[in-house]
Every structure is written in C-alpha cells, then in structure tokens.
Amino acid sequence: MRVFFINSGMLVCGNQKHCKDDMKKPLSLIVLLCASSAGAADLIYAGKADCRVAGHARVAGHVAYWNGACKDGYASGPGALQWSKDGKAAERYEGALSKGVPEGAGIAQWADGSLHEGNYQDGLLHGPGVVIFKDGDKLEANFEHGKPVGNVKAVYDGGDHYEGGWRHGPEGSGTMTFALGGAYRGPWHEGKPVGDGEILYPNGQVLKARFNGSFQLTAQAEKPEAPTLYSLKAQDAPIGSNIRPVMGSRYVVPPEKSYAEMTPEQQSFVKRYYKVLQDGDVPPYPEKGMLEISRAMGRLISYKEATGKLRANVSVDEHGVAQNVTLLKSPDSESGKLAASMLMLVKYTPGRCAGQPCAMTVPFSFLLRFSN
C-alpha cells in the first residue's frame, strides 16, 4: 500500500543549516566587477589575437567567445561575451565593449548565478544598477566604480526589504521592513541596529529605544544547536499492522500543541522569526497547532502525489482570520492552490504587539514526499 510522508515545519525546522539559511542574515555585497578593477596596463586579455577581451580572476582558465564587432585588435561595440571552461558555459555578458572592456549599458550573468545589470565604465558598474543574487536577494543602487554609494534599496528573498545607507550591508540611517510584520527605523552599523531607533509595530504602536546590535531589547537565551525533534504519526495503522507510520517529521515544536501550550523554549523557536517582537509580545499561530494542518497536507499528497517544497505566507488579521496566502514555492500550481485553500480555512490565534492585537504573517514550510 502507499504510505505518505511529510517532512514539514512551521516557522522552524530540524535541519539546522536550512533553518539558518531561511532566517535571512543581512545581505552582503560582494565585489561588483565584470572585468578587473586594475588599471589598463594590468589587464589580462583573452580571446582571439585580433579581437581580445579583458579577463579577470573569476574566469581564469576559461575560454572567451565574443559575438560582436572588433576594432584595432579588441572586441568593441555591442555584442555578447561568453566564458566557458571544459566545454561548459560559465559567465556571460551582453552589452557594449570598448577595447575589450564593458562600457555602457550591459548585463552580466556570473558563474555563481548572480545577475548584474546597469551602466558600466572601465568594466565596473557606474551609475544606476541592479544586482540580483542567486538566492533571490536584490540590490538597487547608484554605483561608483563598482561600489554602491548613497542610499540603496535591498529586497531579500524572504520578503524583507531595506531602504537607506549601505556599506557591505545596512549602514548609517535606514529602515528595514519585515515580511512577517513590522519594521525597524534608525541607525545601523555593520548590518545591525545600533543606536537610538524605533520598532514600528503592525498595529501602529511605536517602541523607541536604544539598540545594541539586536532588535530585541533584552538578552535572548542561546538556542541549542540540536533541539529536540518531534514527529507526527498517522491516525490509523495500515491493515495487518499495529504500527502507525510517521507522516510528519523534524518538527522543533510539538505539532499537536498551540502556542500557549508550549514551553518558553519552544515558544522562542517560533518567535525568533518575528524580529520586532519583544518580551511579552506574541506571534500569530495556528489555534490548534500544526496537527490538523499536517494531516491536511498528507491528504494533499495522497490526492496529488505531490512531491517537493511548499512555502507559503499567510496574512492573519488582528482577529486571527486569514486574509490571504502568498505562495512562495510549490511542487506544482494545482497543489499550491489546494494548499493555499487549506491554509485559508485555518483559525489562528492573533499576534499581540505592545499589549494590543496586531495583524501579522504566519510562514509555512513543508517538504512533501510521496512513496509507494
């Protein structure tokens, strides 16, 4: 017979690396070069002898293919530059070159999966530009010789977005708006809130305080590296057996418990995804825990044989009523629609911010598995 498994979690998960990846750290800006930042005399060239292109450290040992015009022994004018190694395409640049160096409007696809678009000068982004990283983070800025200057806009793949000063990350004055609700406005240093700032709650309450590298005003207890993991068994055992199969695993909080029924440590695992919440604040949570939701996902697998990741954010109002579902990832469109419908029917306990009910977002993450 068929047995259905769900490797699932709500807000948190058992795989520590995956959890850390999901809790987005401040986006870091890597060196934004399409060509070497060295002077012209130090450039290393590749390509045909009569149509050379400028190389750089990232494409060392690669072969250059230029599809465009040549002039005075260099690739010049509009075209496409493809770097390959061992017959496999690596980096690519589409736009204008001048003496083999990116100059003018262009877009570069790096081997690491990031995309760099804007105006180039001497091989570097210069002027308005956009960098989209492989993980989905996006940086919009005005660049000078490859470095962002002034205020920037950064959007993280989890939905958080930042506007303000920048230096390898938030620096100076800026505002970070969180996808799950609320915002921080104030000074930043090395990507962390430092100084007199404000927490802006979703319900309009404002908390003014002095921050010292964390959004929480009181010291938080360290979380264990390997928390207790919980599993969820099917309601019934297969015919001919007394053993109920596992249908959900890697929960770091008991799936059958509501938020109020959890221990303080378990609550902290849920709460840590809500950056603005302080001691005494409460995040929104499924009123009856994850039990019924997980069983509903099991029925989805049974019906659709769905396999793959499913991520969704559910906006919950101050009364605990789901308002809408944003699907971030799903095995297929129909499975995603069915999952969204299920999540809309769930009753939630509303969040509480500064003693008052507040509308926030509940994130869900499932790894759906089907087996015979």
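This tour moves from aromatic pairs to disulfides, then to helices and a set of paired strands.

The model is predicted: local features need pLDDT of at least 70, side-chain atom pairs count only at pLDDT 80 or more, and totals for chains, interfaces and linings use all residues. Residues are numbered from 1 along each chain as its sequence is written, and side-chain values use heavy atoms, with hydrogens and water left out.

**Stop 1: aromatic pairs**

Start with the rings. The structure holds twelve aromatic pairs. Rings of Phe, Tyr and Trp (its six-membered ring) pair if their centres lie within 6.5 Å; planes under 30 degrees apart count as stacked, over 60 as edge-to-face and the rest as tilted.

Select Tyr184 and Phe211. Their ring centres are 5.1 Å apart and the planes stand at 80 degrees, so this pair is edge-to-face. Tyr184 sits in strand β14 (residues 183-189) and Phe211 in strand β16 (residues 206-212), so the pair ties together parts that are 27 residues apart in sequence. Helices (H or I, at least four residues) and strands (E, at least two) are DSSP runs, numbered from the N terminus.

Are these two residues buried or exposed? Tyr184 is buried at 0% relative accessible area. Phe211 is buried too, at 2%. Buried means under 20% relative accessible area, exposed over 50%, partly exposed in between (1.4 Å probe, protein chains only).

Next, select Tyr348 and Phe364. This aromatic pair is edge-to-face, at 6.5 Å centre to centre and 65 degrees between the planes. It links distant parts of the chain: Tyr348 in strand β22 (residues 348-349) and Phe364 in strand β25 (residues 360-371), 16 residues apart. Tyr348 is buried at 0%, and Phe364 is buried at 2%.

Now widen the selection to Tyr162, Trp166, Phe178, Tyr184, Trp188, Phe211 and Phe215. Ring pairs link these residues into a cluster.

**Stop 2: arginines over rings**

Select Arg52 with Tyr45. Arg52 lies over the face of the Tyr45 ring, 5.2 Å from its centre. Then select Arg58 with Trp110. Arg58 lies over the ring face of Trp110, 3.5 Å from the ring centre. A charge sits over a ring if NZ of Lys or CZ of Arg is within 6 Å of the ring centre and within 35 degrees of the ring normal.

**Stop 3: disulfides**

How many disulfides does a search of the whole structure find? There are two. The criterion is a pair of cysteine sulfur atoms within 2.5 Å.

Select Cys51 and Cys70. Their sulfur atoms are 1.9 Å apart. The torsion about the S-S bond is about -80 degrees, so this disulfide is left-handed. Cys51 lies in strand β3 (residues 51-55) and Cys70 in strand β4 (residues 63-71), 19 residues apart. Cys51 is buried at 8% relative accessibility, whereas Cys70 is partly exposed at 44%.

Move to Cys353 and Cys358. Here the sulfur atoms are 2.0 Å apart. The S-S torsion is about 55 degrees, so this disulfide is right-handed. Cys353 is buried at 0%, and Cys358 is buried at 1%.

**Stop 4**

Select α3, residues 291-304. At 1.5 Å a residue, its 14 residues should span 20 Å, and its end C-alpha atoms are 20 Å apart, which agrees. The expected span is 1.5 Å times one less than the number of residues. Buried residues in α3 include Leu291, Met297, Leu300 and Ile301. Glu305 follows α3, with a positive phi near 50 degrees.

Now pick Ser335 in helix α4 (residues 333-345). Ser335 is buried at 0%. Which residues does Ser335 contact, leaving aside its neighbours within four places in sequence? They are Leu300, Lys304, Ala306 and Leu310. Contact means heavy atoms within 4.5 Å.

**Stop 5**

Select β12 (residues 161-166) and β13 (residues 170-177). The two run antiparallel, joined by five bridges. Two strands pair if DSSP finds at least two bridges between them. Tyr162 has Met176 in β13 as its bridge partner. The β12-β13 hairpin has three residues between its strands, and His168 in this hairpin takes a positive phi near 65 degrees.

Gly174 stands opposite Gly186 in β14. The β13-β14 hairpin has five residues between the strands, and Gly181 in the turn has a positive phi of about 130 degrees.
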